[in-house]
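Here's a quick briefing to read with the model open. Have a look at the structure first, then work through the points below.

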Amino acid sequence: IYIKKDIMFSCIFLAGKAEESPKRLIDIINTTYKLKYNEIPTINENYWKLRDEIANYEIIILKTIGFDLSFE
């Protein structure tokens, strides 16, 4: 179930990039960390691992949609 949430947050991060006011990666990581570990985000191994997961899922999503960010 955590993988689904990580993909969801990666989608939010990616969608924010296509908008005029993109969401910062740090904000996405902090929110994801808070929901995933049920504690206030701290810079530790889990934090960096989560950042890498979100970035990797973003790449997978981009490859899946063929790098086409223009949706109707």
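Among contacts in the chain between residues at least 6 apart in sequence, what percentage join residues at least 24 apart? The share is 45%, with contact meaning heavy atoms within 4.5 Å. Bear in mind that this is a predicted model, where local features need pLDDT of at least 70, side-chain atom pairs count only at pLDDT 80 or more, and totals for chains, interfaces and linings use all residues. Residues are numbered from 1 along each chain as its sequence is written, and side-chain values use heavy atoms, with hydrogens and water left out.

**Overall build**
- The chain has three helices and zero strands, counting DSSP runs numbered from the N terminus (helices are H or I, at least four residues; strands are E, at least two).
- The radius of gyration is 12 Å against 11 Å from the globule rule for 72 residues, so the chain is as compact as a globular protein of that length; the radius is taken over C-alpha atoms, and the rule is 2.2 Å times the number of residues to the power 0.38.
- Along its principal axes, the C-alpha trace spans about 40 × 25 × 15 Å.
- Of the 72 residues, 26% count as buried (under 20% relative accessible area; exposed is over 50%, partly exposed in between, with a 1.4 Å probe and protein chains only).

**The core**
- The largest nonpolar core has eight residues: Phe-9, Phe-13, Ile-28, Ile-29, Tyr-33, Tyr-47, Leu-50 and Ile-54.
- Such a core is a set of buried Ala, Val, Leu, Ile, Met, Phe, Trp, Tyr and Cys residues joined through side-chain atoms within 4.5 Å.
- Thr-32 sits in helix H2 and is buried at 2% relative accessible area.
- Skipping neighbours within four places in sequence, Thr-32 is in contact with Asp-6, Phe-9, Leu-50 and Ile-54.

**Aromatic pairs**
- Rings of Phe, Tyr and Trp (its six-membered ring) pair if their centres lie within 6.5 Å; planes under 30 degrees apart are stacked, over 60 edge-to-face, and the rest tilted.
- That rule gives three aromatic pairs.
- Tyr-33 and Tyr-47 have ring centres 6.1 Å apart and planes at 50 degrees, so they make a tilted pair.
- Tyr-33 is in helix H2 (residues 25-37) and Tyr-47 in helix H3 (residues 45-64), so this pair ties together parts 14 residues apart in sequence.
- Tyr-47 and Trp-48 have centres 5.6 Å apart and planes at 85 degrees, so that pair is edge-to-face.
- Tyr-47 is buried at 3% relative accessible area, while Trp-48 is partly exposed at 40%.
- Ring pairs link Tyr-33, Tyr-37, Tyr-47 and Trp-48 into a cluster.
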